[in-house]
Amino acid sequence: MKYNAKAHKRISIRLKGYDYSQQGMYFVTVCTHDHHFLFGQIAEERMILNNAGRFANKCWLEIPEHFPHVALDEFIVMPNHIHGIIIINDTNVGANNHSPLQINQFRSPSKTIGSIIRGFKIGVTKWFRKSTNTYNVWQRNYYEHVIRNEKELSKIREYITNNPLKWQLDRENPEGIGIDQLEKEIFEYKREK
């Protein structure tokens, strides 16, 4: 069946016209299907990873091996989601910092944030299907935010680092009792831009 936006009622959460393969820093959140706690639990304000969580952590750390133009910054595996900062480096710079000639303007989708997250999700899903009875691992899509400046980067790093400490205020916690002010600032900023 051909995709029809009206029939499927899907609304894109991506920035219209933005090139998600371009150099920059991206804050991403990837959530589990129905927010199931698949990766472990929070105990005494610390994230305790189970086997699945350790494997997800390993897969995240291996992203640069599969995407050499990518570096990782702060990240955390939580019970039902993963927050991380992905840095896409300039892949068009050749020897002596000269840009190679552009024969055509086609960019491989394998260099986009979407393909990076898709590859990560596939790796973790394969492990789940081989090692557990869980078939549906991930929520469709993911959240992303283009990090625009050092102040924002600092806030996002702080938010990721302190995520287990503020689990009761995490928007991804189905049993949460509120919203962390820093999280609210980050996500409100995203909606404004």
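**Salt bridges and cores**

Start by selecting Lys58, which is partly exposed at 42% relative accessibility (buried is under 20% relative accessible area, exposed over 50%, partly exposed in between, with a 1.4 Å probe and protein chains only). Bear in mind that this is a predicted model, where local features need pLDDT of at least 70, side-chain atom pairs count only at pLDDT 80 or more, and totals for chains, interfaces and linings use all residues. Residue numbers run from 1 along each chain as its sequence is written, and side-chain values use heavy atoms, leaving out hydrogens and water.

The whole structure holds 2 salt bridges.

For the other pair, pick Arg157 and Asp73, whose closest N and O atoms sit 2.7 Å apart. Arg157 is in helix 5 (residues 150–161) and Asp73 in strand 4 (residues 70–77), so this pair ties together parts 84 residues apart in sequence (helices, H or I of at least four residues, and strands, E of at least two, are DSSP runs numbered from the N terminus). Arg157 is partly exposed, at 30%.

Next, go for the largest nonpolar core: among its 28 residues, Phe39, Trp60, Ile113, Phe120 and Val124 touch the most other members (a core is a set of buried Ala, Val, Leu, Ile, Met, Phe, Trp, Tyr and Cys residues joined through side-chain atoms within 4.5 Å). Helix 4 gives the largest share of this core, 6 residues. Last stop: a separate core of 14 residues, including Leu153, Ile156, Trp167 and Ile186.

Technical notes
A salt bridge is a side-chain nitrogen of Lys or Arg within 4 Å of a carboxyl oxygen of Asp or Glu.
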